[in-house]
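Here is a short briefing to read with the structure open. It goes topic by topic.

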Amino acid sequence: MTAATTLHDVTVVSNEPAAEGLVRVVLSAPALAAALEPGQFVNLAVPGDASQILRIPLSFSRADAAGGTFEIVYAVVGDGTRRLSRMRPGDATTAVGPCGNPWPLPVGAARACVVAGGVGVTPIVACARMLAASGTAFDAVVGAQTAARLWGTAELAALGAGEVAVTTDDGTAGRRGFTTDALAELLAARSYDVVYACGPEVMMAGVARLCREAGTRCLVSMERMMCCGFGACGTCNVAMADGTYKSCCKDGPVFDAEEVAW
Ligand SMILES: Cc1cc2nc3c(=O)[nH]c(=O)nc-3n(C[C@H](O)[C@H](O)[C@H](O)COP(=O)(O)OP(=O)(O)OC[C@H]3O[C@@H](n4cnc5c(N)ncnc54)[C@H](O)[C@@H]3O)c2cc1C
Ligand code: FES
């Protein structure tokens, strides 16, 4: 049972570069940090521009209930994330959360694989923490455009990933290619009970196809433009394979890949 979604006061603890174009922010909000489950997200207000009233939906990579903090790795892509990157320790704001549904734990699974593309690595590191805490063995695939934009490989290795396969578009780290190339090889060599994926939608569609062919369950974390973040406004619809729509913020962001109309 997930905690109720409410408004929380949040204070910036640190906000430092994690890789090229990526920033790691640690936020203090004890009740929220204690309530967050891997795969859920927060809807964060970023002060500094009164004309921007929308919050920014962001997943987290680590929640420390004892310390009252949680960590988000985010890409600076537009005005809101640029303003967020300028926030300094001690700055205050608010977050709505916890939002959405968490990654489900595998039921009696012997081995899982986590697949991250770009900044999709944020909820995937949280997923790996969940797997490690439950004693589930897992491998990881992490892809980025280039070596300088990679984050999360050290975290995944430290969490006990059996193998961390790295791919970059330009071959500057790991193998040159896409995460789906590395996943196809792992699926051919090993048997997984479940694959967890987050990244660009085209990547997740490819991961879903490979898993279907291998007969492996696949869970994906989807992204949509969002306004409210808790199911009230209808902006974040995801088309389902059965012709219906579900809200990314309330019914997701985690979906079984077989449910989604790719
Ligand atoms: C559930 C969820 C979890 C997310 N977790 C993370 C995370 O952990 N780290 C991270 O870096 N980003 C994450 N995102 C994406 C993040 O919300 C957007 O990058 C952010 O809202 C962009 O805001 P902006 O004002 O900087 O950019 P804008 O100026 O609003 O837009 C810049 C670019 O980002 C795109 N964009 C804007 N909002 C979204 C969105 N909600 N989803 C996808 N693309 C968007 C726009 O289409 C545009 O191309 C998540 C999104 C969702 C829905
Ligand atoms: S963002 Fe409002 S319903 Fe999902």
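Predicted model: local features only at pLDDT ≥ 70, side-chain atom pairs only at ≥ 80, totals over all residues.

Helix H3 is largely enclosed by the rest of the structure, because 10 of its 14 residues are buried. Helices H5 and H6 pack with their axes 10 Å apart. Cis peptide bonds occur at Gly97 and Pro98, and at Gly252 and Pro253.

**Helix H3**
- H3 covers residues 121-134.
- Its 14 residues should span 20 Å at 1.5 Å a residue, and the end C-alpha atoms are 20 Å apart, so the two values agree.
- Just after H3 comes Gly135, with a positive phi of about 80 degrees.

**Helices H5 and H6**
- General point: two packed helices are described by the angle between their axes and the distance between the axes.
- H5 spans residues 179-189 and H6 spans residues 201-214; they pack at an angle of about 15 degrees.
- That angle makes H5 roughly parallel to H6, because angles under 35 degrees count as roughly parallel.
- The crossing of H5 and H6 is right-handed.
- On the H5 side, the contact uses Thr179, Thr180, Leu183, Ala184 and Leu187.
- On the H6 side, Met203, Gly206, Val207, Leu210, Cys211 and Ala214 meet them.
- The residues of this contact divide into eight nonpolar, three polar and no charged.

**Thr244**
- Thr244 sits in the loop between strand S14 (237-239) and strand S15 (245-247).
- Beyond its neighbours within four places in sequence, Thr244 is in contact with Val238 and Ala239.
- Thr244 and Glu259 are 15 residues apart along the chain, and their C-alpha atoms are separated by 9.9 Å.

**Cis peptide bonds**
- The bond joining Gly97 and Pro98 is cis, with omega about -10 degrees.
- Pro98 lies in strand S7, residues 92-99.
- The bond joining Gly252 and Pro253 is cis, with omega about 5 degrees.
- Where is Pro253 found? Pro253 is in the loop between S15 and strand S16 (254-256).

Technical notes:
Residues numbered from 1 in each chain as written. Chains lettered and ligands numbered in written order. Heavy atoms only, no water. Helix = DSSP H or I, 4+ residues; strand = E, 2+ residues; numbered from the N terminus. Expected span 1.5 Å × (residues − 1). Buried < 20%, exposed > 50% of the residue type's maximum accessible area, 1.4 Å probe, protein only. Axes fitted to C-alpha atoms, helices over the stretch in contact; angles between N-to-C directions. Parallel < 35°, antiparallel > 145°, perpendicular 65-115°, else oblique. Left-handed = near helix turned anticlockwise from the far one by under 90°. Contact = heavy atoms within 4.5 Å. Nonpolar A, V, L, I, M, F, W, Y, C, P; charged D, E, K, R; others polar.
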